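User: I'd like to learn how to read a model like this one, feature by feature. Can you take me through it?

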Amino acid sequence: MINPSSNDVMEEDQENIEEMRRCFEESRKKRDASSSKLGEYMLNGWALMAESCPQPDCSMIPLVCKKGSPYYCVSCGGNFTRSTTGTMLANGEYKC
Ligand SMILES: [Zn+2]
């Protein structure tokens, strides 16, 4: 060990990299699970919407919609409505 303080920094960096890798891996798994679920819904007549789920945990996950139903997120299972300003609202009763 030449310089203990620089070694500490390196270990910290290593932990940060591990943490980042874990986060990335988890979100990738979640995306994979969501895309296969999306495929199932589309086969059942649900349309893929241009809007993504507004929940922070589901960023980039597109909502699906079927006639007579509110927008639905396959990842968190939430129903959503598009407000007049274009933002997605949770627990929507809107029928598309
Ligand atoms: Zn969601």
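User: What share of the contacts between residues at least 6 apart in sequence join residues at least 24 apart?

Analyst: Two residues are in contact if their C-beta atoms, placed from the backbone, lie within 7 Å. Here, among contacts between residues at least 6 apart in sequence, 23% join residues at least 24 apart. Bear in mind that this is a predicted model, where local features need pLDDT of at least 70 and side-chain atom pairs count only at pLDDT 80 or more, while totals for chains, interfaces and linings use all residues. Residues are numbered from 1 along each chain as its sequence is written.

User: How many helices and strands does the protein have?

Analyst: Helices (H or I, at least four residues) and strands (E, at least two) are DSSP runs, numbered from the N terminus. The protein has one helix and five strands, in the order α-β-β-β-β-β along the sequence.

User: Which strand pairs with β3, and in what sense?

Analyst: Strands pair if DSSP finds at least two bridges between them. β3 (residues 71–72) pairs with β4 (residues 79–82) through two bridges, in the antiparallel sense, and Tyr72 sits opposite Asn79. Their hairpin has six residues between the strands, with Gly77 at a positive phi near 75 degrees.

User: And what joins β4 to β5?

Analyst: Three bridges, again in an antiparallel arrangement, with β5 covering residues 88–90. Thr81 faces Leu89 across this pair. Five residues lie between the strands of this hairpin, and Gly86 in the turn has a positive phi of about 95 degrees.

User: Is Cys76 buried, exposed or partly exposed, and why?

Analyst: The test counts other C-beta atoms within 10 Å of a residue's own, with C-beta atoms placed from the backbone: 20 or more is buried, 12 or fewer is exposed, and in between is partly exposed. Cys76 is partly exposed because 15 other C-beta atoms lie within 10 Å. Cys76 belongs to the loop between β3 and β4. Setting aside neighbours within four places in sequence, Cys76 is in contact with Cys53, Gln55, Asp57 and Cys58. Gln55 is 21 residues from Cys76 in sequence, and their C-alpha atoms are 8.2 Å apart.

User: Which residues make up the largest nonpolar core?

Analyst: A nonpolar core is a set of buried Ala, Val, Leu, Ile, Met, Phe, Trp, Tyr and Cys residues joined through C-beta atoms within 7 Å. The largest one has ten residues: Cys53, Cys58, Ile61, Leu63, Val64, Cys65, Tyr71, Cys73, Val74 and Phe80. Strand β2 (residues 62–65) gives the most to this core, three residues. Across the protein, buried residues make up 14% of the 96 residues.
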